[in-house]
Amino acid sequence: MTAAEPGSFRDRDSRVVITDDAIYRALSPEGAEDWEAFSGSALLEKFTSAGQVIGTREVDLSVLGESSGLLPTGVTRVLEHDRVPFVSYPYEWTFGMLQDAAKLQLELGIDAIDAGLTLKDATPYNVQFLGAHPTFIDVGSFEKIPEGEPWIAYRQFCMLYLYPLLFQAHKDLPFQPWLRGSIDGIQPIDAIKVFSLRDRLRRGVFLHTSLHARLDRRANKSGPGSAEENKTTRQVKPKQLQAQLQSMHRLVSKLKWKAGETSWSGYRQSNTYSDADDQRKQAFVAEVAAAAKPGLTWDMGCNDGAYSRIAAESSERVVAFDFDHATVEALYRSLREEGNTKILPLVSNLADPSPALGWRGLERKTLADRGAPDLMLALALIHHVSISANIPVADFLQWARDLETTLLIEFPKRTDPMVRALLANKHEGANPDYEEEIFERELESRFTVERREELPSGDRILYLARPR
C-alpha cells in the first residue's frame, strides 16, 4: 500500500506522497470538490504563473497504486507538485523570510475570496523558499468559503506568524527558539506575558494578544463545551473576511526589525585574513565547484554569503547556513532584491541543528534527513565548532562523512590569530585534538584527500576530500 508522508496527516482531506520521481497529493471526495473549485477558477493559473503557488497538475489515480488506505473516505483525485529543492522550516528563517511568507499567505487569501474560496490553514509550514522567493505549496488548503463563518485560521496565523514577528520587531526577541519549541506556535496567553503595558499600546498588540489571551482564559475557565456554547451567531460576509485579511496584511507589512550590529556582522571584511588568502580561497571554491557541478551545495557558516555566491555559479542550488540571525537577514534581503532563486539562506547552528519534531518525531525532519549535499563548504568553521562548541574534531568529520558528501574544508592552525583568540579564553591544554597532524589523520581515515593547499599566510590550509 502507498505510504503517506508522515507530516501530512493534519489535513483530513489530503495526504502527500513522496516518491523518488515525484511528489503527489491524494484528495478525498470533499478535497476533490475544493480542488475543482480552485482549479476551475482563474486563480491557479494566476498564482502559479507568478510563482506564488507551487506548480501543480492533476494525474491519473493509478500513479499511487493501491491508495485506498491513505484517507478514511477514500482517494478520488491525485495531484502532482513540482519538487522543492530543499525543505526549510520557519524556525530556520529570518525575520524577513517569515514576514514575506506571512504576506504571501494573506495575499493569496485576499485574492481567493473574490473567487468564493478561502484558505483553511494559516501556517508557515505551507510555504517554502526557492532561494529568496517564497512559494505556497499546500493547494489542498484552498476550500470553498464556509457560509457565514469567521476567519477560521485567524488563531493559527497569530500563533505561527504574527506573535513571532511582533516578538522580533518590538522586543528584539528571537522567534526561532519559540517556533522550534512548539510545532503549533506561541499561545496567546504566553505571548501577552512578553509585552509590557507600553508595548500593548503599539499597533495591533492589544487587539491580537491582550484580547485574544482574555478570550483564551475565559474559554479555559468555562470548561468543556464552552467553545460551542460561546460560538457567535453573527454571520460574517466574505467582504468582511477580506477586510480582516487586508488589515492584517497592513499590520504585518509595517513591522520592522532593526537587526543592528553583532560580532559577526561584517566579520569576513574585518577579520584577520589577508587579501592574498581571501583571493586563493575564492579561486579554490570556484575551481572545485566548477569541476564538481554539484546539484546541491551546503555552505556551513556562510556569513555574508560571498563563497555561497561563488559556489552558486556552478551549483544548481546552494543552502547557506549561519547561526547569526542578523547576518543571515542581511544576506536574505540582498538575495531578495536580486531575485535570486538559487541561494537559500537559513539560520542554523551546526552545534545545535534542527531536530526531528512533531508526532513521533516525523512531522519535521532533521537537516540530514531533508537531503544531503553533493558538496559541503566548511570554510573558517572547524575552529569554532571544535574550540568554541567543544565538539571533537573526529566527531565533526564523522558527521560530514556520514552525509557521504564531498568536503571542502579549511583548517586554521594554532598560529592563526582567530584560533589564538579562541584559545586565550580557555585553560592550558584545552582542545588537545585541535592540531594539524591530528586533523589530517582523522580526515584521511574517513576521506580521500584529493587536494591540499596552504594559503599564503601560512596559517590556514584548504582540503578537498571525498568520502571513502
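1. N303 sits in the loop between β9 and α12 (306-312). Helices (H or I, at least four residues) and strands (E, at least two) are DSSP runs, numbered from the N terminus. The phi of N303 is near 55°, a positive value in a residue other than glycine. Most residues other than glycine have a negative phi, and most peptide bonds are trans. N303 is buried, at a relative accessible area of 6%. Buried means under 20% relative accessible area, exposed over 50%, and partly exposed in between (1.4 Å probe, protein chains only).

2. A word on provenance. This is a predicted model, in which local features need pLDDT of at least 70 and side-chain atom pairs count only at pLDDT 80 or more, while totals for chains, interfaces and linings use all residues. Residues are numbered from 1 along each chain as its sequence is written, and side-chain values use heavy atoms, with hydrogens and water left out.

3. K293 also deserves a check of its backbone. It has a positive phi of about 45° although it is not a glycine. Its place is the loop between α11 (275-292) and β9 (296-300). Is K293 buried or exposed? K293 counts as exposed, at 61% relative accessibility.

4. Next, the chain as a whole. It holds 17 helices and 15 strands. The radius of gyration is 25 Å, close to the 23 Å that the globule rule gives for 468 residues, so the chain is as compact as a globular protein of that length. That radius is taken over C-alpha atoms; the rule is 2.2 Å times the number of residues to the power 0.38. Along the principal axes, the C-alpha atoms fill a box of roughly 75 × 60 × 40 Å.

5. Burial and surface follow. Of the 468 residues, 52% count as buried. The accessible surface comes to about 21,100 Å², and 50% of it belongs to carbon and sulfur atoms. Accessible areas come from the Shrake-Rupley method with a 1.4 Å probe; for residues, only the protein chains shown count as cover.

6. Contacts in sequence terms. Take the contacts between residues at least 6 apart in sequence: 72% of them join residues at least 24 apart. Contact means heavy atoms within 4.5 Å.

7. The axes of α4 (residues 154-171) and α9 (residues 238-254) come within 12 Å and cross at roughly 10°. The two helices are therefore roughly parallel to each other, a label for angles under 35 degrees. Axes are lines fitted to C-alpha atoms, for helices over the stretch in contact, with angles from 0 to 180 degrees between N-to-C directions. From α4, the contact uses Y154, F157, C158, L162 and L165; from α9, it uses Q244, M248, L251 and V252. These residues divide into eight nonpolar, one polar and no charged.

8. T406 lies in strand β13 (residues 406-412). It is buried, with a relative accessible area of 11%. What does T406 touch, not counting residues up to four places away in sequence? The list is D374, L375, M376, L464, A465, R466 and P467.

9. G65 lies between β3 (56-59) and β4 (77-81) and counts as partly exposed at 48% relative accessibility. D369 is found between β11 (343-347) and β12 (375-378) and counts as exposed at 56%.

Notes
Parallel < 35°, antiparallel > 145°, perpendicular 65-115°, else oblique. Nonpolar A, V, L, I, M, F, W, Y, C, P; charged D, E, K, R; others polar.
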